[in-house]
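Subject: Structure for you to look at

Hello,

Here is the structure I said I would pass on, with my notes below it. Please read them with the model open.

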Amino acid sequence: MTRRTGTTGTRLAMVLAASVMLTGVADAQLKAIRTQTNITPAERKQGDEAHPQLLAEFGGAYNGPQAAYVNRIGQNIAIQSGLSRSPKDFTVTLLNSPVNNAFAIPGGYVYVTRQLMALMNDEAELAGVLGHEVGHVAAQHSKKRQSAATRNQILGVLGAVLGGAIGDNGGLLGGLGGLLQNNAMKVAQLATLGFSRSQELEADQLGVQYLKKAGYDPLALSTMLASLANQTSLEARLSGGDARSIPEWASTHPDPASRVRNAESLAARVGAGGVRNADAFLASVGGLLYGDDPKQGVIEGRDFLHPDLRLKFTVPNGYGMQNGNDAVSVSGNGGQAQFSTAAYNGDMNAYIASVFKAVGGNANLSPNTIERTTVNGIPAYYAIARANTQSGQVDVTVFAYEFSRSSAFHFVALTKAGGASVFNPMFNSVRRLGASEVAAIRPRRVDVITVARGDTVATLARRMAYSDYQTERFQVLNRLGSSSRLTPGQKVKIVVYASR
């Protein structure tokens, strides 16, 4: 979370109307797919308008040397689609985001996160991921699913989360888009993806064909899907502190093994052979930022720590976090919450009122009283407002902290009526970070090393900058099985701490 004084509202719903993610597919059968043959002026305008909003939502463009490499590979695979013969007509962006994600929108804009790039092991896998996303655009899938995406916008976030719309259209219904922006993405995405399995198959088929045309091994898409399946399985085994909400590329498909087999079948049909360019890829990926960017705060287990803002809080057991550009979202079975900031002029009553207004919109959410307390030496204020929905009553809690006369932060929590206390441990965990704690927060980066004689999976895994699941993390990162052995001279990736 970077320090901002605005909210993102529901613009992610607009983004979802243009972006497409992977999901499960049925058995693969090659068929003729009708694809678009050019980028229209209207699509270019749409992409131009959405691009800066996407950058804002996904941590901005990553500025490391890997960005130029991703752009070059992406432009090369994109021209295989026939949308344009000029690579310059495609803008391929490496995003500074710690989630495994990739997508494309009309107008020649293609995106992949640095986290997903770190999971790849060769250039062909990078090309395969980007080719799949370009395939969605070439097959005009976003136009075919526009009505469903528009429906998600109209329903709004709270209606989707709680199973029914709120009577005041445009009030609390729309305002909670700012409260639960990551859950909005999750709900709207899942609702839309439910009908698009055939489109995913088509995008897989096109991605494999693009790989073949560009001279890459068409099996690369299947091996990348296998790595994603293994990563998803690993994250499910973690304690939950590193849980990431959707969007995650391929995280919603019901049968990862079947998805890999389908991609393998597609590759067999177009013919084996082609380059993987592992050495070039590994030479590029070295030094890539991995996991959270300390400038946006870091998630360590159940703790969120922000070195620049010098604050920390802990979520309850069983709750996961996702760190966004504007806020940290918290979700679990008992409710959802978001930690953020807004403009503060020294009047905490006015601050809380402004947060409720931003959340409620025309619904006129207004708490009965605003209570004052102290949390770990920090002046704090909180209030609860109740709202009626078709699924029953809900409580909206605002818990705000005055860090200085010009700086405040707050949680907004959504729970069933009477259930706000589930977040009390989190509300009471907010505290300032000391200088030594700030100094101890370091970024993680990908380091590419050459296996020496005597090195094993076990010995190299111990160098991973994690205290848990070191071996499993190392294996997934390098697409290694439980019985895999390393050979001297082989290049592998590890994740290490770096200086800030």
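Helix α11 (residues 197–213) is mostly covered, with twelve of its 17 residues buried. Buried here means under 20% relative accessible area, exposed means over 50%, and partly exposed lies in between, using a 1.4 Å probe and protein chains only. The buried residues of α11 are Q199, E200, L201, E202, A203, D204, Q205, L206, G207, V208, Y210 and L211. From first C-alpha to last, α11 reaches 24 Å, close to the 24 Å expected at 1.5 Å a residue; the expected span is 1.5 Å times one less than the number of residues. Just after α11, G215 has a positive phi of about 90°.

This is a predicted model, in which local features need pLDDT of at least 70 and side-chain atom pairs count only at pLDDT 80 or more, while totals for chains, interfaces and linings use all residues. Residues are numbered from 1 along each chain as its sequence is written, and side-chain values use heavy atoms, with hydrogens and water left out. Helices (H or I, at least four residues) and strands (E, at least two) are DSSP runs numbered from the N terminus.

Next, the sheet around β7. Four strands make an open sheet in the order β5-β6-β7-β15, with antiparallel pairing. Its edge strands are β5 (298–300) and β15, each of which pairs on one side only. Two strands count as paired if DSSP finds at least two bridges between them. β6 (residues 303–306) and β7 (residues 311–314) are antiparallel over four bridges, with H306 opposite L311 and L305 opposite K312. The two strands form a hairpin with four residues between them, and R310 in the turn has a positive phi of about 55°. On the β15 side, two bridges join β7 to residues 431–432, and K312 stands opposite R431.

Which residues of β7 are buried on each side? L311 and F313 are buried on one side, and K312 and T314 on the other, so both faces are covered. In a regular strand the side chains alternate between the two faces of the sheet.

There is another hairpin at β11 (residues 371–375) and β12 (residues 378–389), with two residues between the strands. Five bridges join this antiparallel pair, and E371 stands opposite Y382. N376 in the turn has a positive phi of about 50°.

T113 is buried, with a relative accessible area of 0%. Leaving out residues up to four places away in sequence, T113 touches L94, L95, S97, V99, N100 and N101. Contact means heavy atoms within 4.5 Å.

Last, a helix pair. The axes of α12 (residues 220–237) and α19 (residues 470–477) come within 9 Å and cross at roughly 160°. Axes are lines fitted to C-alpha atoms, for helices over the stretch in contact, and angles run from 0 to 180 degrees between N-to-C directions. α12 and α19 are therefore roughly antiparallel, a term for angles over 145 degrees. The contact is made by S227, N230, Q231, L234 and R237 of α12 with E472, R473 and V476 of α19.

Regards

Conventions:
Angles under 35 degrees count as roughly parallel, over 145 as roughly antiparallel, 65 to 115 as roughly perpendicular and the rest as oblique.
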